[in-house]
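Hi,

Here is the structure I promised to pass on. Have a look at it, and then read on for what turned up inside.

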Amino acid sequence: MQRLLCPNPLPGSMELMPFLCFLVIISGCKCLASLPYQGKIGKARRLFDEIPDRDSVAWTTMIVGYNQMGLFESAIKMFVEMVKDKVTPTQFTITNVLSSCAATGALGIGKKVHSFIVKLGLNGYIPVGNSLLNMYAKAGDLVMAQIIFDRMRLRSISSWNIMICLYMRSGNVALALAQFKQMSERDIVSWNSMIAGYNQHGLDMEALELFYSLLRDSSLKPDRFTLASILSACANVENLNLGKQIHSYIIRIQFDLSGVVQNALVSMYAKSGGLEIAQRVVEHSGISDLDVIAFTALLDGYVKLGDIAPARQIFDSLRDRDVIAWTAMIVGYLQNGLNDDAMELFRKMANEGPQPNSFTLAAILSVISNVASLNHGKQIHASAIRSGEHLSVSVGNALITMYAKAGSINGARKVFNLICWNKDTVSWTSMIIALAQHGLGEEAIKLFEKMLALNIEPDHITYVGVLSACTHVGLVEQGRSYFNLMVSVHKIEPTLSHYACMIDMLGRAGLLQEAFNFIEEMPVEPDVIAWGSLLSSCKVYKNIDLAKVAAERLLLIQPDNGGAYSALANVYSACGKWEDAAKIRKLMKDRGVKKEQGFSWVQIQNKVHVFGAEDGRHPQKDEIYKMMDKIWKDIKKMGFVPDTESVLHDLEEEVKDKLLRYHSEKLAIAFGLISTPENTTLRIMKNLRVCNDCHTAIKFVSKLVGREIIVRDVTRFHHFKDGFCSCRDYW
């Protein structure tokens, strides 16, 4: 120790040794901000360990150092050693160790410190009382905090502020306001606690009123936290004019427009419809300091405008792109239907970005659901398993939807069963909808009944799934019963989606007049989907009179709806009224209305191949047509008879036969057969409803080639195997 401090100690200097050591320790702690933390605090600890007779100042110095450096557990451990060494702590020791206890949530140690405070008679000191309040407040112990506060003979402004924050955090807004009103003196933290609390609890108008009270009744000036909270309140109420007034005030008082204030200002303008002004604020202040919240608000604004490119430019310029920023950008692409861009960004994130979290994986799984890419979905599933995120409810739910939309109902079942201990309403709903889409209506209904038996509350989307299940298997009476259960027991007000399910269910069952009456009696205005559903059913059952009414009502809502013209023309054609059909098609042409073209696609080795009817653009068209011609001949030998009534034009039978042979889904199947190994499952997607002829033909093809063929059309999945379809010819 002598060599460390002085090579030639002066007489009497040994008495000064502890004091000199403490000066070194204190100096070391104060210099830590500019030097490597661990190295400097380590040096201080080594000096401390060499002191032969350590008093409370030495111990307190080390505890303060640890606490200030964020080494809270070391500070607590040092305090325990101090007590074991029978050194009496000071109020300064106590306040710092309580701060460490609050930071780490070490309530057990904190309570022992509390007993020391009582034993040493330190509870009368305001800083000690405030430290105790802070510790109990951060631990969420409202009862003990209230007891401490009530027993404090002397209180500072900080004492009141701690209680206001605690009340706000626990949701007791009224008590927080009562405390605020009782204060004889307030600082800006008092006002900020109330304004931020109001903002966080959705009481934004109250936050704005209190802010104006601050400006009117107090000599205090708002700080950056005040302004950030009040701009957030403006953003929540989406009041652009109010936001502009506060922006003007900020400029008038010449407040620094950087950091949290800049971000809050950008968020306010982006959320309130002032996206151009938000962009100018970013350009003026710089992108580098933009935080994730402001970026997300900007991104949401650009998504609503359908212009994602500026958001990507900002994203690429962000200095700190954390997992939230990456996820927000992927979600932005997803919401704009830019699935390829979302996939590309996710690949970039995997290579050079942060580890994806459950929200990222759920978002990219939604992208994969849109493109129905089973191989990509399985890769993401494997990645989720490796990271442990597959246990997340959001990822599990997204996996169920992904597997279902990619045609693998067994994959969806496996995921659903694996998350059995952590299912929420969304999990059950996702599985019910998956089963309904795959034509497994009875299984979907059983699952719904099990959900009710477990007292899991269904929501409005659950009931859409249940009613769809009844629709796909023709369970009309059960559908009516569930509709009534939804309204009378679960008190869910029917939406247009529920009404559309009921109309579709009645129409498919041939109850056209009842479906029409149901529409007429709806308490809300029927939409395009309601009338379109009835029109489709009229085509199946060749009801011209109702078809005309449905088409007319549909066109009143959406005059350029090509599907309405086509469906009405098809109804006339199906009934042999060729002249009336021709008139509708001419009317459609004269008005410049275009019919949606049907196409099918199949994914082979991660590449999507798209086909239209009689498509001759594919590079392998000769092989495809040769395969289709062979299949056509072979299934005819097996007993297949082309349904020429599906061709709703007045043509020769031979021409109709040729048109039917080269429908888009048939060409996609032919290509799939020549491009994949035998005995593998084919998955075909179609943008319209599969026609009667294709449905029958694919049943024969599945038996001919010995493969399962899964076709997803606009309404559901069809699983063709061994000459049968999962829909049992009811679709």
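Asn123, Gly124, Tyr125, Ile126, Gly129, Met152, Arg153 and Leu154 line the largest cavity; on a 1 Å grid over the protein atoms alone, a cavity is a set of points where a 1.4 Å probe fits but cannot get out, and lining residues have an atom within 4 Å of a point. Its volume is about 50 Å³, a volume being the space filled by probe spheres set on the points, which are joined across faces, edges and corners. Four nonpolar, three polar and one charged residues make up this lining (Ala, Val, Leu, Ile, Met, Phe, Trp, Tyr, Cys and Pro count as nonpolar, Asp, Glu, Lys and Arg as charged, the others, Gly among them, as polar).

Please keep in mind that this is a predicted model: local features need pLDDT of at least 70, side-chain atom pairs count only at pLDDT 80 or more, and totals for chains, interfaces and linings use all residues. Residues are numbered from 1 along each chain as its sequence is written, and side-chain values use heavy atoms, with hydrogens and water left out.

The whole structure holds two cavities of 30 Å³ or more. The second largest cavity also has about 50 Å³ of space, and its lining has eight nonpolar, no polar and one charged residues. Helix 36 (621-637), helix 38 (664-675) and helix 39 (692-705) each supply at least two of the lining residues (helices are DSSP runs of H or I, at least four residues, and strands runs of E, at least two, numbered from the N terminus). Helix 36 gives the most, with four.

Best wishes

Methods
On a 1 Å grid over the protein atoms alone, a cavity is a set of points where a 1.4 Å probe fits but cannot get out, and a pocket is an open set with protein on both sides within 12 Å along at least five of seven lines; lining residues have an atom within 4 Å of a point.
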